[in-house]
Amino acid sequence: MGLTSALAAAATRRVAVLVVETPGWGRARCAVEREVRRRGWRAALCPADADVLAVCGRPGERMAAAVDLVWAQLPGPRARIHLLDPNDVAPALDDAAAELADDGRQRADAEERPHDPLMGRPAVDEDGHEDAAAGEDDEDDEDDEDDDHLGGNGDHGDMGHADMGHGDMGHGDMDMPMPGGIPLAGGGEDRDGLALDVLHVPLGPVMPHWPAGLLLHCTLSGDVVQEARVEVLGALEPAPPAADLVHGSPADRCDRAATLLALSGWEDAATGAARLRDALLTDADPADCRPVLDRLARRVSRSRSLRWSLRDLPEVRNHVLVLLASAAASIDGVPAPVSATPLTDLPARLAGRDLAAVRLLVAAAGLDVAAAARTGAVVA
Amino acid sequence: MFLAAAVMLVLAVGGAAVALLLQRWTAVSASPLPSLPFLSGWRPQEHALSRFHARYYPVTLLFLAFDVEMLYMYPWATVVAQVGVSAVVEMFVFLAVLMAGVVWAWREGALRWV
Amino acid sequence: MSVVEVAVGWVPLAAVLLLAVAAAAAALDGALAARAAGRPWTAGLPVPWLETARLLRQRRRSTVAADRPLAATGRIGLLIAALLMVVVVPLGPWTLADLSVGIVWFNAMDVLVWAFVWLAGWGPNSVHALVGGYRFLAQALSYELPLMFALTAPAVAAGSLRLGDVVAEQQGLWFVVWMPVAFAVFCAGVAAFSVWGPFAAAAGPELAGGVLAESSGMDRWLVLAGRWALLAAGSAFAATAFLGGGHGPLLPAWLWTLVKTAAVLALLVLLRRRLPTVRPERLVTPAWLVVLPLVLLQLLVVSVVVVGRG
């Protein structure tokens, strides 16, 4: 047992946390990121990489289903925490670490988990054809999006289904082999006229460095997004206004810059922007942050490698620079608006770009998904 | 001469196998967790393994031409000093022809795939 | 200084040494990351050990309808390729195998990485991993040729593909002095075949971890350790082929090899902090139109010097 507990003690000194933000609960997410950094833990990029699933805010029905599926994909040892108040973050992470270190509990959890993978549900559309494949779990999807905001009836009954043949019920071609109950990819013409396969890939809502609540239905040919459609998944109940970053505030700008820098692979600059954001959220005097912000902005604008790497996506680099400049301006009390793409315009901007570029372009679009979630606007 | 390489190969494969076995003791569960692939919390609509459109296939052809050239390059490298000027001239004329191909492919847009 | 082959019994020691150097590089990286996060740099030093402990405890995963043998091959392959690389790299006066085709051997191992990374991406039956695997191939098409021609330069200068001869030829003058372009390109190639730093697009945050997106536990450890080991093996090769290997004053030859390897490795780790990820589609044009001709020019210079020397 000596080795087991020593291993557990070492392992829980560097915990990987997968953070999920519900639209409107940005402050809780920032608080988690700050505390994770302070402890020398790190953010996870995917469930396979994560020990802790930290859910910020109260997700609506469909988003909650997505979170449940991701929770089932964490390999374990695993712990799940739920956060509403930024002040609760530190004790919640303490609890999570204690839970992770409890070897008996983690072994029992692993023992209890089902032997078949949890199948979750498809990222269902309003237009119906994907609903057919979903079999019985589409009752909430045929209604309109209001369900997401009312929270449905909290019925996650379909989550328990692990039956592998589940998906083939409504599907036309029964001849097709369906390993694991999932159909094989079908062909489609791509832009070079090659008859290769097309994949339907949902991006969001559970994805690091992704706008909270955004769900992008992508049709992929190779790694190129042929077509995209936008949806917004809302919270169970509207978040109190104080729970989110103020849209356009210096902290919000730094937060968005940190996301973009992280996606462009510049870890140190992203950390710098995130530290600035956290200082702006906590410190009494934002003017103290000005010199640091200026240094970061200079460093980013001078980086030749960043300019070169993003030359075919100039709007991405521009957006980072504009974000940092406007953060500085608004600290000084000068209003500095940043251009924002309406959600409806997003698909047209993304068609024909590769998956990695799409991630950068979405982060650089200056979206205000939380506002769309508040008004209940689900963009088709 | 290749004995050391063979021993290293056995050691490396054996080491990886031992590491995977060791994990059966140290991990919270000996069996792997069955899981769907990560798709932001949704069930995949189809399997990811598919006929993938590798947009850069023109570059692969260009690469192949140069890669075959490497077969000559290594033996050539060992005899440059002995053969002298003619070896250098012949090889670099050949490389220049290949580079002309690269420039042509570039002008045809084979190096851009966005 | 001549390089002599040692008994096969030393193979395990070489493997341990490579892993130790790789762990040291990961520790340095952890220290730099800790400093960037506003924590004392010493707090980041144990990162490789803590990650190892974490992954030892973590359960492995198997995704639905995954191609398990292929995924496993890809995941353990990186570490195997790195270990096979160091077979031909001399530590001061000793080497495990002074192959007459040592440089080709190293080249062959780095080409194996293509297959391994792609397999690690293909195997799990996951979109993010799959796209990551193909992205690595796109990157490989750009870095491999410059890397190969950079490797040829020391061979031409030494008139041999044997690393022992390459080291012996550098008595007095290291190759880096008159083939700096080949050295720089080779170092970039090392980072690229290690799927690391600015060349980590196949496993980046923009693909939710890419080829790593579905692996956990020991599977993940093998890939991460394999990447660091590849970086360490490549640095050791750079130290040998360009920085004179064991040549140097005062210190024993084996220590010189280690010091030079550590220097190349530290340089790469430090440089990485300043650089964003290079998108593979951005890499292809400069790699073929600028870097490749530059390396060929370097090779021409080397050839002319060799012929001129008679």
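Predicted model: local features only at pLDDT ≥ 70, side-chain atom pairs only at ≥ 80, totals over all residues.

Mentor: Two strands are taken as paired if DSSP finds at least two bridges between them. Four strands of chain A make up an open sheet in the order 2-1-3-4, with parallel pairing. At its edges are strand 2 (42-43) and strand 4 (79-83) of chain A, each of which pairs on one side only. Within the sheet, strand 1 (residues 16-21) and strand 3 (residues 52-56) of chain A run parallel and are joined by five bridges. One pair of bridge partners across these strands is Glu21(A) with Cys56(A), the latter in strand 3 of chain A. Helix 4 (residues 89-101) of chain A lies across strand 3 and strand 4 of chain A, and its direction is at about 170° to that of strand 4 of chain A.

Strand pairing also occurs between chains. Strand 1 of chain B pairs with strand 2 of chain C in the parallel sense, over three bridges. Here Pro34(B) has Ser62(C), in strand 2 of chain C, as its bridge partner. In general, the strands of a sheet pair through backbone hydrogen bonds, in either a parallel or an antiparallel sense.

The contact between chain B and chain A may be taken next. It brings 29 residues of chain B against 67 residues of chain A. The two chains bury about 3,900 Å² between them, and 59% of that area is on carbon and sulfur atoms. Of the area that chain B buries against chain A, 23% is supplied by Val28(B), Trp42(B) and Arg43(B), more than by any other three residues. Two salt bridges are found across this interface; in a salt bridge between Asp223(A) and Arg55(B), the closest N and O atoms are 3.1 Å apart. On the side of chain B that touches chain A, helix 1 (3-26) and strand 1 (33-35) of chain B each supply at least two residues. Strand 1 of chain B gives the most to that side, with three residues. By class, the residues of that side of chain B are 16 nonpolar, nine polar and four charged.

Chain B meets chain C as well. There, 76 residues of chain C are in contact with 64 residues of chain B. The area buried between chain C and chain B is about 6,300 Å², with 79% from carbon and sulfur atoms. Arg59(C), Leu141(C) and Trp288(C) account for 11% of what chain C buries against chain B, more than any other three residues. One salt bridge is counted between these two chains: Glu281(C) forms a salt bridge with Arg55(B), the closest N and O atoms being 3.7 Å apart. Polar contacts between chain C and chain B number 20 residue pairs, both residues at pLDDT 80 or more. Among the elements giving two or more residues to the side of chain C that touches chain B are strand 2 (61-63), helix 5 (127-158) and helix 11 (280-309) of chain C. Helix 5 of chain C provides the largest share of that side, 16 residues. The side of chain C that touches chain B comprises 52 nonpolar, 14 polar and 10 charged residues.

Notes: Residues numbered from 1 in each chain as written. Chains lettered and ligands numbered in written order. Heavy atoms only, no water. Contact = heavy atoms within 4.5 Å. Buried area = accessible area lost by both parts, 1.4 Å probe. Salt bridge = Lys/Arg side-chain N within 4 Å of Asp/Glu carboxyl O. Nonpolar A, V, L, I, M, F, W, Y, C, P; charged D, E, K, R; others polar. Axes fitted to C-alpha atoms, helices over the stretch in contact; angles between N-to-C directions. Polar contact = N/O pair within 3.5 Å; in protein donor to acceptor, adjacent residues only side chain to side chain.
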